[in-house]
Amino acid sequence: MEVVLDHDLHTEAACNAALKDAEAHRLTMEKLEAAGAEPFDEVWQRCEAWIEATFGDERPLVWCAHNGNSFDHPILRRECIRIGRDLADNERHRFEDTLPLSRRLLPGRYGPDSYSLRRLYADATAGGGFD
């Protein structure tokens, strides 16, 4: 697998994280370009404009993801740092992960899918599944 890393990712930890992210989703720059994916900085500009128009600049933003501390949040933060934006966990930006919350609320589950979104959704909807 060929993964092209940005020159700003100098540390070994950052390089390893980028490789892990790419491997998890089988992404390469070639696949992204072939699919017509836009550069992150262009997408992020539109995202920031929408956030500003929708929420203003005074309300705190909560970035929430299931297993976000280990996956989504580091990727988002790293990409924002790469383009000169700072999403530090502060008064404006808060990062929350629903996986530890589900483990606290539903202790005693075991197995690889015990706290998966699919399982949690099925439990919350009395057996309903994703379509």
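Tutor: Buried means under 20% relative accessible area, exposed over 50% and partly exposed in between (1.4 Å probe, protein chains only). This is a predicted model, in which local features need pLDDT of at least 70 and side-chain atom pairs pLDDT 80 or more, while totals for chains, interfaces and linings use all residues. Residues are numbered from 1 along each chain as its sequence is written, and side-chain values use heavy atoms, without hydrogens and water.

Student: How many aromatic pairs does the structure hold?

Tutor: Rings of Phe, Tyr and Trp (its six-membered ring) pair if their centres lie within 6.5 Å; planes under 30 degrees apart count as stacked, over 60 as edge-to-face and the rest as tilted. The number of aromatic pairs in the structure is 3.

Student: What is the angle between the planes of Phe40 and Trp44?

Tutor: Phe40 and Trp44 are 5.7 Å apart, centre to centre. Their pair is stacked, and the angle is 15 degrees.

Student: Which helix holds both Phe40 and Trp44?

Tutor: Phe40 and Trp44 are 4 residues apart, about one turn of the helix. Helices are DSSP runs (H or I, at least four residues), numbered from the N terminus.

Student: Is Trp44 buried or exposed?

Tutor: Phe40, its ring partner, has a relative accessible area of 23% and is partly exposed. Trp44 has 5% relative accessibility, so Trp44 is buried.

Student: Which residue joins Phe40 and Trp44 in a cluster?

Tutor: The cluster is linked by ring pairs. Beside Phe40 and Trp44, the cluster includes Trp63.

Definitions and conventions:
Helix = DSSP H or I, 4+ residues; strand = E, 2+ residues; numbered from the N terminus.
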